[in-house]
Amino acid sequence: MSTAPQHCPSPAELDDLELLLTGALAPLRGFGEPGSPVTLALPPEVDTQAREAGAVELVDPEGLPLARVAWPAGVAEPLSRPDYGPFRRLHLTPAEVRERFAGRAVLVVTGALSDEQLEAARDLGPLVLLALCGHDRHGLPATALLRAGLVAADLLDAADVVAVPLTRRADDLRDRVVQAYAGSDRVVDQSELSPLPEPAPKPGETYYTYGTHSGAIGAIVRAADKAPDERGLVLFFTGLSGSGKSTLARALVDRVLEHTARTVTSLDGDVVRRNLSAGLTFSKADRETNIRRIGWVAAEIARHGGLAVCSPIAPFDETRQQVRQLVEDAGGTFFLVHVATPLEECERRDRKGLYAKARRGEIPEFTGISSPYEEPQDASVRVDTTGRTIEDALDDVLQALAAERLLDLTAEPAVERARPLSVVEQGPTPVVEQGRPSPVVEQGRQARVETPEAEAEAPLRILFVCTANICRSPYMEAAARHHLGDTSRVVVSSAGTHGFDAKPTDAAMAAQLQARSIDSSDFRSRAVTRELLDEADVVLTAEATHRTFLLEDQPEAFRKVFTLGQLAAYVESSGTTARGRALVAEAAASRGSASPGLDVADPYRRGDAAAQAAAEHIDRLLATVLPALTPED
Ligand SMILES: Nc1ncnc2c1ncn2[C@@H]1O[C@H](COP(=O)(O)OS(=O)(=O)O)[C@@H](OP(=O)(O)O)[C@H]1O
Ligand SMILES: Nc1ncnc2c1ncn2[C@@H]1O[C@H](COP(=O)(O)OP(=O)(O)O)[C@@H](O)[C@H]1O
């Protein structure tokens with residue numbers, strides 16, 4: 001028989017294991033007994049190995065073997081006594097409690113004792129404070145409950161605290177567990193000491209803050225009882241590729257930064273896969289690993305009161321539930337947003353060309369096509385973005401967040417958005433002297449152009465970027481070249497953020513160019529590279545999402561990457577007279593944001609009218625931007 005695999009259970013499962021091993025759940029002796037809520041979930045590969053070996057070895061978070069569990073039958077045999085986690089000394093077995101504290105009343109507590117309850121507890125005589133502090137319980141966090149218990153025990157004449165890791169799912173077995181510790185001694189519940197006030201707490205709320213808590217207990221309660229909007233928060237967007245997760249998540253992050261002093265961590269699916277989850281595939285197991293990693297990071301952020309915004313596909317319900325659990329165990333709130341844009345619309349958008357590839361069988365296991373997406377039943381809000389503006393769709397999320405009193409971003413920001421500052425007003429950041437950018441501003445290009453003089457003489461290089469470099473950016477490149485005529489002061493080119501190398505201009509956009517007597521038959525698409533970005537003096541993207549994509553990889557390029565609409569808006573609103581590189585530096589210093597409202601909409605596969613609208617939009621923007629970007633003689 002093969003060796004039993006090792007596995008570290010979830011915190012709640014570790015709690016259950018402890019109760020099983022100490023006999024607190026007797027006659028239950030293992031996981032998964034018929035009708036028992038005490039279960040153990042093994043990852044598929046561990047499950048397979050455990051079945052082969054007939055057992056699994058459960059280890060603590062540091063890898064110390066705790067128990068051998070027969071598998072799949074589930075009987076647990078101890079290998080060592082647990083010694084992980086804070087307040088371990090308070091974790092006595094039922095037998096130890098019965099022996100050490102025989103004859104004492106057992107007071108069962110799930111919250112901090114109020115002043116009134118403390119007074120009433122004095123009448124009970126010597127006490128055992130049995131603190132139910134399993135990992136997935138709502139209410140006062142376990143460590144705060146135990147600290148408050150120790151203070152209370154100090155204030156009472158003879159009282160000791162015992163930690164009982166009873167989880168919420170084992171609540172049906174609560175009486176049995178309490179009895180195991182109390183034996184034949186008297187049992188009193190905390191709520192019997194003073195009546196609960198009306199109205200009773202709502203599900204998920206606690207009564208630990210009801211009544212008066214003064215002194216040291218009061219301090220513990222107040223520190224733990226953070227208002228919902230002060231607690232760690234994980235906003236988790238799930239939905240199909242192209243449903244709008246990243247767009248909405250990004251818009252939400254911008255709102256948070258504009259409206260509050262909170263810092264935000266963004267964990268976008270694509271970005272995580274280039275970093276934290278680099279190398280993972282799209283198999284079910286790898287997707288689960290990917291989501292659990294995101295969940296782990298997000299939970300750590302929530303543990304410290306932070307705000308994390310996650311936007312992976314996260315197609316499996318069970319993995320999303322695990323993330324919820326991780327976040328709640330860390331004291332944070334998990335807020336699930338289902339971006340429920342239907343597959344047909346996502347496929348119509350196909351902004352990365354992935355659905356087309358998946359349909360052709362070039363991408364295996366593509367979500368929605370050849371890999372499942374399990375619709376969440378537990379989302380706090382469901383948003384279908386079809387036919388709606390981003391602002392409108394975002395509003396649904398903001399309303400739900402505000403309604404749950406988690407984060408109110410619905411009001412206008414207190415400070416009106418600063419108007420673009422001129423370079424002189426801006427102070428120490430990019431300085432423009434005699435119409436030339438300072439070396440600091442253009443550090444990235446120093447390797448290419450040796451001296452500022454030579455740099456000023458060199459033609460200004462514009463790189464246009466869109467998704468696949470077949471619709472919008474080739475049009476921008478060709479139309480700009482046409483518009484610029486035979487000037488040698490500006491050089492234009494284009495590239496795409498995703499795939500599709502060596503494709504001609506999309507037919508609908510080529511037709512628009514032809515209608516303007518511009519030939520684009522020689523054009524072939526290419527992917528944007530670090531070198532292309534380095535070489536460019538200014539990069540103009542079709543959408544804010546393209547800009548973000550570029551800056552996620554090369555944040556140092558932020559002073560030269562704009563959306564075309566953003567730069568046009570700057571030129572128009574600032575009334576600037578700067579030209580060429582000076583204009584680029586000035587626009588960078590203005591710190592205007594690339595609002596998606598300024599994007600050139602994607603005409604791909606949307607017919608001739610959409611192509612015409614995109615072409616006309618680009619024409620208008622180029623008419624504003626190109627004269628300003630052309631250096632003066
Ligand atoms: N086979 C397959 N299925 C789904 N998606 C695929 C696949 N291959 C690549 N991509 C691209 O990867 C992005 C999804 O990555 P995620 O990490 O969010 O996926 S998952 O949560 O692990 O399922 C997804 O990005 P979004 O469009 O932003 O969702 C795709 O661009
Ligand atoms: N109301 C809307 N909300 C969000 N995205 C929208 C909306 N309407 C159109 N879109 C477009 O849909 C696409 C969604 O892409 P993205 O946010 O990257 O999706 P995902 O991250 O889910 O793959 C973007 O091109 C976006 O501009």
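Ala, Val, Leu, Ile, Met, Phe, Trp, Tyr, Cys and Pro count here as nonpolar, Asp, Glu, Lys and Arg as charged, and the others, Gly among them, as polar. The model on screen is predicted: local features need pLDDT of at least 70, side-chain atom pairs count only at pLDDT 80 or more, and totals for chains, interfaces and linings use all residues. Residues are numbered from 1 along each chain as its sequence is written, while chains are lettered from A and ligands numbered from 1 in the order in which they are written.

**Stop 1: ligand 2**

Select ligand 2 and the 20 residues around it, of which Gly244, Lys245, Ser246, Thr247 and Thr385 come nearest. A residue is near a molecule if its C-beta atom, placed from the backbone, lies within 6 Å of it. By class, this shell holds four nonpolar, eleven polar and five charged residues. Colour helix 9 (245-259) and helix 15 (390-403), the elements that give two or more residues to the shell; helix 9 gives the most, with four. Helices (H or I, at least four residues) and strands (E, at least two) are DSSP runs, numbered from the N terminus.

**Stop 2: ligand 1**

Move to ligand 1, which 21 residues surround; Ser241, Gly269, Phe282, Pro312 and Ile313 are the closest. Its shell divides into nine nonpolar, seven polar and five charged residues.

**Stop 3: strand 11**

Now select residues 307-311. Five of the five residues of strand 11 are buried, so the strand is largely enclosed by the rest of the structure. Buried means that 20 or more other C-beta atoms lie within 10 Å of a residue's own, exposed that 12 or fewer do, with partly exposed in between; C-beta atoms are placed from the backbone. Leu307, Val309 and Ser311 lie on one side, Ala308 and Cys310 on the other.

Show the pairing next (two strands pair if DSSP finds at least two bridges between them). Strand 9 (residues 233-238) runs parallel to strand 11, joined by four bridges; valine 234 has alanine 308 as its bridge partner. Strand 10 (residues 264-268) also runs parallel to strand 11, with five bridges, and aspartate 268 is partnered there by serine 311.

**Stop 4**

Four strands form an open sheet in the order 1-2-3-4, with mixed pairing. At its edges are strand 1 (6-7) and strand 4 (76-78), each pairing on one side only. Strand 2 (residues 55-59) and strand 3 (residues 65-70) are antiparallel over five bridges.

**Stop 5: the nonpolar cores**

A nonpolar core is a set of buried Ala, Val, Leu, Ile, Met, Phe, Trp, Tyr and Cys residues joined through C-beta atoms within 7 Å. In the largest, of 66 residues, Leu129, Leu130, Ala131, Val162 and Val164 touch the most other members. Helix 5 (residues 142-155) gives the most to this core, with eight residues. Apart from it lies another core, of 58 residues, among them Ala468, Cys471, Leu513 and Leu550.

**Stop 6: helix 6**

Finish at residues 174-182, helix 6, where Val177, Ala180, Tyr181 and Ala182 are buried. Elements covering these buried residues include helix 1 (11-22), helix 3 (94-100) and strand 5 (105-109). Just after helix 6, glycine 183 takes a positive phi of about 60°.

Note on methods
Contact = placed C-beta atoms within 7 Å.
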